[in-house]
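Please go through the model shown here before reading the notes.

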Amino acid sequence: MEEKTIAGVKVALNEEGYFTNPEQWNEEIAKEIATEEGIELNDKHFEVLNFLREKFNEGEVLSIRKVGNSGIVNIKELYQLFPGGPLKKSSRIAGIPKPSSCV
Amino acid sequence: MTIKKEENPLKKVCVICAKGSIEDVYATLVMANGAVMEGIEAKVFFTFFGLDAITKNRMKKLKTATLGNPAMRMPGGLPFPSLLGVLPGVEAGVSLMMKKGMEKLDIPPVEEFLEMIIAGGGEIYACKMAAEMFKLEKKDLWDEVIDIITVGDFYAMCGGENTQIIFT
């Protein structure tokens with residue numbers, strides 16, 4: 001576990017860079033992590049991030065399929081928004097733990 | 001557990017599916033989809049009975065073998081008597097239970113799973129020899145199948161650094 005200052009806020013991350021305390025997240029932090037990943041966040045990105053955070057808070061196990069059925073984006077669009085590992089990247093940017101689903 | 005990351009990561013998987021039971025096909029689909037989810041390129045080659053998974057009139061009707069399957073269990077975990085497997089309807093019932101169990105785990109039906117792989121940039125191919133053997137043409141196969149190709153064509157796609165071939 002490490003502490004890192006992102007967008008002026010000290011946040012706790014695990015070894016793989018995922019938030020250990022999702023409460024510390026805000027939109028500015030998300031933008032900065034996304035920039036590290038080479039992604040510039042737009043409204044659609046934020047809709048996905050908020051969906052993920054909401055479902056995480058409800059205790060759901062997240063999967064690409066669930067995001068695809070959310071009505072926000074289809075799976076292909078999700079891959080375009082977060083290229084090269086959509087669920088993991090979006091989860092990291094959304095400040096929630098690493099997804100544990102295999103599908 | 002902390003997963004130790006390989007410094008020199010996997011870039012491409014080529015998955016071969018040669019069997020047509022639910023669990024064999026899903027092994028392929030899970031491995032291929034798992035790859036694209038991680039940003040790893042995936043190419044999938046369906047051959048022999050595996051072709052059922054991408055044949056229009058069969059892909060929705062895959063079954064689990066209730067005969068000759070020593071790992072079969074009754075609900076609750078008791079051994080599944082082999083003789084039960086021969087009764088009419090048992091294979092269909094068991095297959096339906098498998099499908100329901102997977103749906104509960106958010107594992108999609110075959111066609112939707114294939115669509116997920118394609119959405120992630122994965123590519124689906126059919127084996128020429130097996131297609132000829134089963135008298136299948138491109139029109140009999142799922143529309144998103146890129147082509148019917150030879151083993152040599154498939155191997156030609158499987159080159160490159162950090163590529164693995166997976167046979168399920």
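Predicted model: local features only at pLDDT ≥ 70, side-chain atom pairs only at ≥ 80, totals over all residues.

Residues are numbered from 1 along each chain as its sequence is written, chains are lettered from A and ligands numbered from 1 in the order in which they are written, and side-chain values use heavy atoms, with hydrogens and water left out.

**Chain A**

- Chain A has 5 helices and 2 strands, where helices (H or I, at least four residues) and strands (E, at least two) are DSSP runs numbered from the N terminus.
- Along the sequence, the pattern of chain A reads β-β-α-α-α-α-α.
- The radius of gyration of chain A is 13 Å, which agrees with the value near 13 Å for a compact globule of 103 residues; the radius is taken over C-alpha atoms, and the globule rule is 2.2 Å times the number of residues to the power 0.38.
- The C-alpha trace of chain A spans about 35 × 25 × 20 Å along its principal axes.
- Of the 103 residues in chain A, 49% are buried; buried means under 20% relative accessible area, exposed over 50%, and partly exposed in between, with a 1.4 Å probe and protein chains only.
- Among contacts in chain A with a separation of 6 or more, 49% are between residues 24 or more positions apart; a contact means heavy atoms within 4.5 Å.
- Chain A has an accessible surface of about 5,100 Å², and carbon and sulfur atoms hold 45% of this area; the areas come from the Shrake-Rupley method with a 1.4 Å probe, and for residues only the protein chains shown count as cover.

**Helix H5 of chain A**

- H5(A) is mostly covered, with 7 of its 8 residues buried.
- The buried residues of H5(A) are Pro86(A), Leu87(A), Lys89(A), Ser90(A), Ser91(A), Arg92(A) and Ile93(A).
- These buried residues pack against helices H1 (27-36), H2 (43-57), H3 (64-68) and H4 (75-81) of chain A, and against H1 of chain B.
- Gly95(A) follows H5(A) and has a positive phi, near 75°.

**Chain B**

- Chain B contains 5 helices and 5 strands, running β-α-β-α-α-β-α-β-α-β from the N terminus.
- With a radius of gyration of 17 Å, close to the 15 Å that the globule rule gives for 168 residues, chain B is as compact as a globular protein of that length.
- The C-alpha trace of chain B spans about 50 × 50 × 25 Å along its principal axes.
- Buried residues form 42% of the 168 residues in chain B.
- Of the contacts in chain B between residues at least 6 apart in sequence, 70% join residues at least 24 apart.
- Chain B has an accessible surface of about 9,400 Å², with 61% belonging to carbon and sulfur atoms.

**Pockets**

- On a 1 Å grid over the protein atoms alone, a pocket is an open set of points where a 1.4 Å probe fits, with protein on both sides within 12 Å along at least five of seven lines, and lining residues have an atom within 4 Å of a point.
- The largest pocket has a volume of about 530 Å³, a volume being the space filled by probe spheres set on the points, which are joined across faces, edges and corners.
- Its lining has 18 residues, and the closest to its centre are Glu16(A), Lys88(A), Lys5(B), Pro9(B) and Glu38(B).
- The lining of the largest pocket has 5 nonpolar, 3 polar and 10 charged residues; Ala, Val, Leu, Ile, Met, Phe, Trp, Tyr, Cys and Pro count as nonpolar, Asp, Glu, Lys and Arg as charged, and the others, Gly among them, as polar.
- The second largest pocket has a volume of about 380 Å³. Of its 17 lining residues, the closest to its centre are Cys102(A), Gly34(B), Ala35(B), Met37(B) and Glu38(B).
- The lining of the second largest pocket has 11 nonpolar, 3 polar and 3 charged residues.
- H5 (86-93) of chain A and H1 (22-37) of chain B each supply at least two residues of this second lining, and H1(B) gives the most, with 5 residues.

**Individual residues in chain B**

- Asp106(B) has a positive phi, near 70°, and lies in the loop between H2 and H3 (110-119) of chain B. Asp106(B) counts as buried, at 15% relative accessibility.
- Lys135(B) has a positive phi, near 55°, and is exposed, with a relative accessible area of 71%.
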